[in-house]
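The following exercises guide a new reader through one structure. Each task is followed by a solution in steps.

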Amino acid sequence: MNAAIIEVENVSKSFGGVVANRGVSLSVPRGGITGLIGPNGSGKTTLFNSIVGYHPIDSGSIRFEGQEISRLRVQEIARLGLLRTFQTTRIYGKMNCVQNMLISIPHRKAGLFDMFASERGEVAERAEHLLAFVGLYEKRFLRAGSLSFGQQKLLEFAMALMNEPTVLMLDEPTAGINPTLINGLIDRLKRANTEFGITLFIIEHNMRVIMNMADRIYCLAHGEMLAAGEPGEIQRDQRVIDAYLGVH
Amino acid sequence: MGTTYSIRLFVVVTAAGFGNLPGVIAAGFGMGVFEQFGGFIFGAQYQQALIVLLLLIVLAFRQPGNLRLRQAVQQNVASSDRWPTGCCCRRRRRARTVSDYTTQIAVLWLMVLFALTWDILGGQMGYNSLGNIFFFGIGMYASAVVQIGLYYDVGMYTSAGRTTHIVFSHSQYFTGLTFGILAGSVVSAVLGLGVGFFVFGLRGPYFAIGTLGIAVAAAELISSWEWVGAASGISLPVFPGGPDTQKLFFYFLLFALSFVLLLFLRWLYSTNFGLAINAIRDDEEKAEGMGLHTRRYKRFALVIAAFFLGLSGAIFGNMTGFVEPREIAFPTTTFNIFMVLMVLLGGKGTLWGPVIGAVVFHFIKEVTWTYFLGWQYIALGLLIVIIVVYFQQGIVGWLMEKYPERFGIQVAPKEAEQPPRAAGLAAQPGGAE
């Protein structure tokens with residue numbers, strides 16, 4: 001296994017009296033696909049939000065490529081190459097798909113004058129390639145807001161790829177997507193991992209999806225880390241079965 | 001002034017917390033005490049400005065975002081729409097220019113400038129500002145101060161201006177005008193940058209009220225600043241040619257400026273800048289999450305709007321020949337609201353919408369002023385209600401909905417298009433190899 005790219009150590013976060021994460025530690029290996037599962041309200045999304053800087057953590061440390069990021073702001077973390085998608089899809093609704101893609105270019109090296117750049121040749125080509133990759137090429141000039149929910153998820157995924165992230169964190173990528181589209185999405189996620197070399201870190205409730213994709217899975221329950229291991233181990237782990245999977 | 005009372009109301013209710021009756025009573029009492037003692041300590045002329053300062057403090061530290069707040073803001077806006085003041089200057093000018101089409105259309109170009117600059121933030125970026133007039137007034141005053149200050153002591157000029165007539169030579173006038181207009185736009189843009197640091201912490205209705213607060217504060221401060229003539233204003237140097245030449249001259253300046261602005265914005269909206277501010281409008285949190293330099297874009301958008309507003313303020317001040325804080329430089333209840341209205345009428349977030357809105361609005365306004373004098377504000381109020389309630393998408397927005405193809409908007413996918421090498425991902429940049 002390669003070295004860890006995200007290292008979370010002893011992170012705690014509470015909202016008022018509610019403890020969402022208590023002493024959570026995990027590490028995401030570079031180049032792999034890591035899963036995060038757990039019952040609703042177990043603190044998965046809170047952990048994601050903590051990692052990408054949406055709210056400050058109470059204690060602990062979060063490192064990305066060896067650099068401490070727990071005090072950085074959302075934009076700064078995104079510019080380092082650590083990107084996330086949202087549980088409820090977020091796209092720029094009044095702009096068309098191509099425009100959505102064009103503004104999703106990586107901003108880490110953007111200087112003051114890039115604000116007024118309009119040179120689009122290569123970027124536009126890349127945008128079209130990626131839209132074709134997720135299967136939205138024919139709809140590329142439609143308003144993003146007029147796409148169906150599943151298509152918006154695909155668009156959001158394509159936008160994330162456009163940003164050339166090192167790590168992509170996906171919050172329930174298959175929620176609300178029909179079964180045939182799920183297969184396509186799994187395939188594309190795997191290809192993003194193998195062909196583009198993007199490390200994936202995925203929250204997922206669909207066990208078939210996550211067991212099929214991930215090399216390593218963490219399970220949260222009541223804000224604490226319950227278990228960690230390979231998909232097979234997790235599936236057999238009695239604590240995970242009791243807290244989350246149930247008996248099939 | 002109705003605006004300041006509305007602001008007082010807002011401060012009290014926000015500070016206390018919505019739906020908290022004892023809190024509101026306590027806050028109201030506290031506010032009265034603050035006002036009295038504040039006026040006593042800092043001087044009565046700063047009393048109004050203190051209220052606005054209080055507003056800004058409340059906004060910075062207390063931001064409950066809920067539905068009831070939105071209602072409060074709507075009431076607030078509605079009450080400031082009643083045009084409590086601000087009509088006398090318009091009527092005065094009206095009487096002078098009934099058949100004067102040059103001035104008439106010069107004002108139309110000013111309206112186009114207002115609408116276009118408001119749309120940068122309000123339409124394209126989704127930040128509804130109610131304080132854009134601030135930059136207009138600042139440009140006007142900066143220009144006036146420079147034009148006079150180049151040759152005379154400004155304080156002496158303003159105090160002497162009421163009794164003696166001071167003459168500027170031909171070259172003095174045009175040198176002063178050039179530097180004045182430059183100063184107006186630059187000072188305004190710099191202040192735009194400063195204001196941007198502060199107001200972009202506010203979102204939604206808070207942004208609207210915060211910016212309105214700044215405009216009202218500026219009007220109040222300048223009304224009590226003797227050096228620039230306080231509430232009685234400054235008479236600007238008189239144009240050396242005859243009044244007809246003067247009219248044509250400023251008509252041309254305003255026309256050229258609105259034309260340049262339109263071209264500039266057409267270019268600007270075609271760059272990354274246009275995409276970025278549209279992205280901020282659609283989902284600012286997402287834009288942040290994607291690593292966009294949102295603050296940078298927002299500040300720049302404000303600076304651009306401030307620059308052009310300062311420029312038009314400097315020109316308009318010289319066109320009227322007289323600068324005064326409440327009704328000419330910072331007319332928060334007239335021009336300031338017209339900006340918003342014109343953009344809504346024409347269609348916000350479009351290039352031509354503000355222009356069309358400005359033309360239609362100006363026409364309606366002049367007709368009501370000519371044929372329904374005395375009822376004009378009621379007619380305007382009615383127009384506001386109709387636009388805000390029934391016609392928010394505006395003329396261009398409505399046309400876009402009706403005939404999307406004519407605007408290059410696609411509503412259904414084209415058939416049988418071949419994606420570029422559908423599976424050709426090996427050539428992707430950022431690939432694994």
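Two strands are said to pair if DSSP finds at least two bridges between them. The model examined here is predicted.

**Exercise 1. Determine the order of the strands in the six-stranded open sheet of chain A, and identify its edges.**

Solution. 

**Exercise 2. Describe the two pairings of strand β9 (residues 216–221) of chain A, and state how far the strand is covered.**

Solution. 
- Step 1. With strand β3 (residues 33–37) of chain A, β9(A) pairs in the parallel sense over four bridges. Here A:L36 stands opposite A:Y218.
- Step 2. With strand β10 (residues 224–229) of chain A, β9(A) pairs in the antiparallel sense over five bridges. A:I217 stands opposite A:G229, and A:A221 has A:E224 as its bridge partner.
- Step 3. The hairpin of β9(A) and β10(A) has two residues between the strands, and A:H222 takes a positive phi near 50° in this hairpin.
- Step 4. Five of the six residues of β9(A) are buried, and the strand is thus mostly covered.
- Step 5. Helix α9 (residues 238–245) of chain A lies across β3, β9 and β10 of chain A and runs at about 125° to β10(A).

**Exercise 3. Which residues touch the most other members of the largest nonpolar core?**

Solution. 
- Step 1. This core has 181 residues, and A:A158, B:M111, B:A115 and B:M342 touch the most other members.
- Step 2. Helix α14 (residues 294–320) of chain B supplies the largest share of the core, 16 residues.
- Step 3. Apart from its neighbours within four places in sequence, B:M111 is in contact with B:F338, B:M342, B:A358, B:F361 and B:H362.

**Exercise 4. How many residues does each chain give to the contact between chain A and chain B, and what makes up the side of chain A?**

Solution. 
- Step 1. Chain A gives 38 residues and chain B gives 34 residues.
- Step 2. On the side of chain A, the elements that give two or more residues are α2 (74–80), α3 (97–102), α4 (121–133) and α6 (179–195). Of these, α4(A) gives the most, with five residues.
- Step 3. The residues on this side divide into 16 nonpolar, 10 polar and 12 charged.

Methods. Residues numbered from 1 in each chain as written. Chains lettered and ligands numbered in written order. Predicted model: local features only at pLDDT ≥ 70, side-chain atom pairs only at ≥ 80, totals over all residues. Core = buried A, V, L, I, M, F, W, Y, C linked by C-beta atoms within 7 Å. Buried ≥ 20, exposed ≤ 12 C-beta atoms within 10 Å, placed from the backbone. Contact = placed C-beta atoms within 7 Å. Axes fitted to C-alpha atoms, helices over the stretch in contact; angles between N-to-C directions. Nonpolar A, V, L, I, M, F, W, Y, C, P; charged D, E, K, R; others polar.
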